Amino acid sequence: MKNKIRWLYVVLGILIFICLGTVYSWSIFRKPLEKALSLNSTQSSLPFMTFLAFYAFLMPLGGKLISKYSPKIVLIIGSILVGLGWIGSSFSKNIVMLTITYGVVAGSGVGIAYGVPIGVVSRWFPDKKGLALGILLSGFGMSPFVTAPIAKKLIDIYGVFTSFKLLGIIFLFILIFLSLPFKFPDENIKTDTEDYNSLSPNEMLKDRKFYILWTCFAIATFVGLMIIGITGPMGEDIIGIPSTTMAFYVSLFSIFNGIGRPLFGYLSDKLGPSKVILLSYTLISFATLSILLFNNARTFLFVVSFIIFWMNFGGWLSIAPTLTSKFFGPKYYSENYGIVFTAYGIGAILGNLTSGLAKDLFGSYKFVSYPILVLVLIGIILSRFINKTSKI
């Protein structure tokens, strides 16, 4: 009976992450918003970038709340903010208001809610942590498959602002409803073993493994979010792929983004920390070197390398939470992973800035290969020391 119940949390978590992961469908909203509010491409990216930043940096707050209140309460708080952020976006008259409602309010809601299904599932699956978390997190990566077509249809019928309102109302009710069953197993029972094997956030910050894991995660996020942001322009401008075909390839890549989560979660269980990080970085290195060979009509090489990029980015969103739990224990997991997840915010900001600078300074996105290769080399060196248990 317990096994059946714990898989229910995985299914509910996937549905929650499909709603929360609608941020990855932002490109559907950009052109209608640019037209409606007379925005340039830089301005239309601000709500998305702000969303990612607040999503990442509010994770520690979500972890703190979980340690004081029940998972259900924290999920409901996050769900309300997500719904209000989307609904508030429907009343936006300018980019500043849209950045506040969508970026700050909805992004904060996702940041607070995101760690709850991960924390709960992690506690319910001590024996298959990586696999369970990978399956759970596939919902976030695969979200554009479900939400992008729905958003596109709503925008075509009702316009972009009414679509914000409709999606906000839908998310508000669905997320609150799905939040109600969430709880930790035997949450009122604390064992000496759990206390002994778990590090508090302060203790974690004194452990070298935290800094190695944080840096490796930041590097992977830097690469992944930068590549996701320039996938369309690279395919169209460098390879010469038509925009309609490029849209299909982006959908294909998002499938592998979702596949990467259970795959690398499983590999985290089987291979161990150092080997799974080395495997990920080796694949990223191959894909990065392939970029240097890109030219017109090299479609196959482009598709293979970007499948690898997207799959590895998804994979790290399983590797990081799995290793956080393995290294620092279950008791303070939600707080600890919230701190680790700040690497995502740093990677998102620096990755997008770097890709823009590469294009502006050198005239081509191909030049992102060089900083990627340097960072991956640093990550490979650091991963050699991640199994060491010594503290600072």
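Predicted model: local features only at pLDDT ≥ 70, side-chain atom pairs only at ≥ 80, totals over all residues.
S38 is exposed, its relative accessible area being 63%.

**Backbone at S38**
- The phi angle of S38 is near 55°, which is positive although S38 is not a glycine.
- Most residues other than glycine have a negative phi.
- S38 counts as exposed because its relative accessible area of 63% falls over the 50% cut-off.

**Cysteines**
- The number of disulfides in the structure is zero.
- C19 is buried, with a relative accessibility of 10%.
- C216 is also buried, and its relative accessibility is 0%.

**T147 in helix α8**
- Helix α8 spans residues 129-158 and contains T147.
- T147 has a relative accessible area of 8% and is therefore classed as buried.
- Apart from neighbours within four places in sequence, the residues in contact with T147 are I18, T22 and S25.

**K331 and S67**
- K331 is located in the loop between α15 (299-328) and α16 (333-340).
- A relative accessible area of 27% makes K331 partly exposed.
- The C-alpha atoms of K331 and S67 lie 9.0 Å apart in space, while 264 residues separate K331 and S67 in sequence.

Conventions. Residues numbered from 1 in each chain as written. Heavy atoms only, no water. Buried < 20%, exposed > 50% of the residue type's maximum accessible area, 1.4 Å probe, protein only. Disulfide = S-S within 2.5 Å. Helix = DSSP H or I, 4+ residues; strand = E, 2+ residues; numbered from the N terminus. Contact = heavy atoms within 4.5 Å.
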